[in-house]
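Please load the model in your viewer and keep the selection panel at hand. The tour below moves from one selection to the next and says what is to be found at each stop.

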Amino acid sequence: MRFAQYTAATALCIAASFAAPIAERQTAITDADILQYALTLEHLENVFYKGALSTMPESDFLAAGFSSAYYNNLKYISHDEEQHVELLTSALAAAGATPVAACTYKFPYTDPKSFVTLASILEGVGTSAYLGGAPLIASKTYLGVAGSILVTESIHTSLQRFNLGEVAPANPYGTALGLNPVYTLAAEFIVSCPSTNAALPVMAFPALTATQGIPAAPDMTFTFTTTTSMPSTFFVTFVSGLSTTSVAGSMMGSMIVATIPETAMGQTYVFITNANVTSSIMDSMILNGPAILEVTPPAPTFNITEM
C-alpha cells in the first residue's frame, strides 16, 4: 500500500510537469487529466526508442559513425522511458482511472542519423515540458521529484546533442514550454489513438514549418510556411532559454520571413504571434507553431581572472 501511494504521488508530480505556464493554467483540468496527458507523451517516447532498437542493430549505428558506448546508452534511455510509462500507469490504476494506451505513431526517421536527430529534438521538448511545469507544483516533495526527472531528461538531451556533433550546453538556461505547444509538437507523430482512451483537455495549434536547413545562426534570415493565412500584422516570436524575443514578420510570396535574434541559442521554439511578446508567451497570443530551430550558439566567453 505504501508503494502504491508513493507511485501515485510521484506520477502526479511528473504529470504536473507537463502543464502550461501559470498564466495559461486551465482550472478545469484535473490531476487525472494531467496524468493521462503525461502518460500519452511517455508512451510516445517509449515506442520511439523501442522501435529503433528493435529495427536497427548496433552494427547499423556503428556503420553510421556512432559508437558502441552510444548504442549502450540508447538502451538505458529506453529503460528510463519504460519506467516512466509503468509509473504513470500504476498511479492512474491506483487512483481508479483507466490509463490511456499507447497510440499508433509515425516517426520520420529512416536510418540511425535521422533517428538520433529526431531523438535530440524529442528529448529537448521533454526537458522543456518538465521545466515549463515546475512553477505549478505546490508540494516541495513533488517539486523535488520533478526536478530529479528533469535532470534525467536533460542528460538524455545532452547525450543526443553531443553525439550529433552539436554543442551540448548550447544555452546557459533551459527553455520552458507549455502544455498546448508541447502537444502541438507531439501530435505530429500521432496517427491514431484507441477509441477507449480518455479525451485529453489539450489543443494543437496550426503547424509552422521551417523551410530551410539547420543549423541556423543569429542574424540569419529564415523562412517558414503554414497552411493558414496571416493577418496584416504579425510577429515571429523566438523562445530560447530565458529569452522570448518577437520580431516583425513579413511575407515573401507564400513564405513567412524573419531574422533570427541574437537571443536564440540551441534548440529554439518559433511561434507566429498576434502581439510583440516581451515576457512569457501565452496561448491566447499564439497563431501558429511552434517550429523548432537548431541555432548555433556564439563562441563561449568568460573571464578567467575571476576565480
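Is tyrosine 105 buried or exposed? Tyrosine 105 is buried, with a relative accessible area of 13%, where buried means under 20% relative accessible area, exposed over 50% and partly exposed in between, for a 1.4 Å probe and protein chains only.

Before going further, note that this is a predicted model, in which local features need pLDDT of at least 70 and side-chain atom pairs count only at pLDDT 80 or more, whereas totals for chains, interfaces and linings use all residues. Residues are numbered from 1 along each chain as its sequence is written, and side-chain values use heavy atoms, with hydrogens and water left out.

**Aromatic rings**

Rings of Phe, Tyr and Trp (its six-membered ring) pair if their centres lie within 6.5 Å, and planes under 30 degrees apart count as stacked, over 60 as edge-to-face and the rest as tilted. The structure holds 14 such aromatic pairs. In another of them, phenylalanine 48 and phenylalanine 107 have ring centres 5.1 Å apart and planes at 65 degrees, so this pair is edge-to-face. Phenylalanine 48 lies in helix H2 and phenylalanine 107 in the loop between strand E1 (104–105) and H5, so the pair ties together parts that are 59 residues apart in sequence; helices (H or I, at least four residues) and strands (E, at least two) are DSSP runs, numbered from the N terminus. Both partners are buried, phenylalanine 48 with a relative accessible area of 1% and phenylalanine 107 with 15%.

**The nonpolar core**

Next, show the largest nonpolar core, which has 43 residues; a nonpolar core is a set of buried Ala, Val, Leu, Ile, Met, Phe, Trp, Tyr and Cys residues joined through side-chain atoms within 4.5 Å. Leu44, Phe48, Phe61, Tyr70, Phe107, Tyr109 and Phe115 touch the most other members. Helix H2 (31–55), helix H4 (68–94), helix H5 (112–133), helix H7 (179–187) and strand E9 (266–273) each supply at least two residues of this core, and the largest share, 7 residues, comes from H5. Centre the view on leucine 44, which touches Tyr105, Phe107, Leu122, Ala186, Phe189 and Ile190 when residues up to four places away in sequence are not counted, a contact being heavy atoms within 4.5 Å.

Select H4, whose 27 residues reach 39 Å from the first C-alpha to the last, close to the 39 Å expected at 1.5 Å a residue, the expected span being 1.5 Å times one less than the number of residues. Its buried residues include Ser78, Glu81 and His84 as well as Leu74, Ile77 and Val85. H4 is followed by glycine 96, whose phi is positive, near 85 degrees. Then turn to H7, which is mostly covered, with 8 of its 9 residues buried, among them Asn180, Pro181 and Thr184.

**The disulfide**

Now display cysteine 103 and cysteine 193, which a disulfide joins at an S to S distance of 2.0 Å, a disulfide being a pair of cysteine sulfur atoms within 2.5 Å. A search of the whole structure finds 1 disulfide. The torsion about the S-S bond of cysteine 103 and cysteine 193 is about 95 degrees, so the disulfide is right-handed. Cysteine 103 is buried at 10% relative accessible area, whereas cysteine 193, at 39%, counts as partly exposed.

**Strands**

Finally, colour the open sheet of 4 strands, which has the order E3-E4-E8-E7 with antiparallel pairing; two strands pair if DSSP finds at least two bridges between them. Strand E4 (residues 221–225) and strand E8 (residues 255–259) are joined by 4 bridges, and threonine 221 has threonine 259 in E8 as its bridge partner. Elsewhere, 7 bridges join E9 to E10, which run antiparallel, and tyrosine 269 stands opposite isoleucine 292 in E10. Of the 10 residues of strand E10 (residues 286–295), 8 are buried, so this strand is largely enclosed by the rest of the structure.
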